[in-house]
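Biologist: I would like to go through the charged side-chain contacts of this protein. Could you bring up the structure?

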Amino acid sequence: MSLVDTVRNAFVPVHKEGYPFIGAFAVVTLLAGLFSTNLFWICLILTGWCAYFFRDPVRVTPTDDRLVISPADGVVSSVGPGIPPRELGLGAGEMTRISVFMNVFSCHVNRAPVRGRITKIEHRPGKFLNAELDKASEENERNGVVIDSPNGTVAAVQVAGLVARRIVCWAEAGGNIAVGERFGLIRFGSRVDVFLPATATPRVAVGQTAVAGETVIAEFGGPAATPLVRID
């Protein structure tokens with residue numbers, strides 16, 4: 001490996017969604033430097049944080065269809081029964097819900113928890129309560145992606161938070177999505193709820209740290225063998 005490759009691999013890619021924000025922070029930093037050295041350094045640190053926030057690292061995703069992979073980086077905040085949002089059309093019965101909370105230092109690129117066909121995408125305006133609160137699933141602004149997977153219907157719901165004011169979803173209804181594939185992003189601090197059929201067995205606990213595209217959060221059927229992986 002060349003020195004150039006070594007240096008390149010040391011830096012985490014930044015998602016293009018963050019370019020306008022990083023650029024704006026950089027301009028403000030330069031202007032601030034004209035008036036105050038201290039203000040310049042403060043703004044420079046904030047610019048670095050903005051670039052860090054929009055990082056988009058490569059992930060190694062297990063591709064065994066029996067495995068459900070975390071859609072977000074963060075801390076598992078809830079594991080248990082939950083009723084999916086009404087607009088998703090999944091009925092009024094309880095499903096298994098696993099929630100991952102992202103703070104302002106988490107990577108906010110969201111990834112598909114399973115592979116399959118996207119049958120519905122629904123956005124619902126709402127409040128901006130603390131995403132760690134359980135009622136945020138019902139009252140906050142959200143965007144739901146419903147996937148017809150090999151093991152039944154699975155939904156990933158992006159939930160806005162106290163600071164988050166913008167949910168971005170790149171996926172399209174009617175298309176296919178691979179497990180671990182990027183499908184959206186939330187700015188700045190939020191959570192993602194995954195709703196699973198009752199046949200899924202959770203494999204994480206509240207308080208556990210999850211990595212989007214890598215951490216197994218649930219499993220269908222019997223114990224999965226060592227799975228193949230995809231790197232993206």
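Predicted model: local features only at pLDDT ≥ 70, side-chain atom pairs only at ≥ 80, totals over all residues.

Biologist: How many salt bridges does a search of the whole structure find?

Modeller: The search finds six salt bridges. Among them is the contact between the side chains of aspartate 65 and arginine 115, with an N to O distance of 2.8 Å.

Biologist: Where in the chain do aspartate 65 and arginine 115 lie?

Modeller: They lie in distant parts of the chain, 50 residues apart. Aspartate 65 is in the loop between β1 (60-62) and β2 (67-69), while arginine 115 is in the loop between β5 (109-111) and β6 (116-124).

Biologist: And what is the relative accessible area of aspartate 65?

Modeller: The value for aspartate 65 is 29%, so this residue is partly exposed. Arginine 115 is likewise partly exposed, at 40%.

Biologist: Turning to another pair, are arginine 191 and aspartate 193 buried or exposed?

Modeller: Both arginine 191 and aspartate 193 are buried. Their side chains form a salt bridge at 2.9 Å, N to O.

Biologist: Which residue does arginine 203 meet in a salt bridge?

Modeller: Arginine 203 pairs with glutamate 219, at 3.3 Å from N to O. This pair also connects distant parts of the chain, 16 residues apart: arginine 203 is in the loop between β13 (200-202) and β14 (209-210), and glutamate 219 is in strand β15 (residues 216-220).

Biologist: Why is glutamate 219 classed as buried?

Modeller: Glutamate 219 is buried because its relative accessible area is 9%, and buried means under 20%. Arginine 203, by contrast, is partly exposed, with a relative accessible area of 43%.

Key:
Residues numbered from 1 in each chain as written. Heavy atoms only, no water. Salt bridge = Lys/Arg side-chain N within 4 Å of Asp/Glu carboxyl O. Helix = DSSP H or I, 4+ residues; strand = E, 2+ residues; numbered from the N terminus. Buried < 20%, exposed > 50% of the residue type's maximum accessible area, 1.4 Å probe, protein only.
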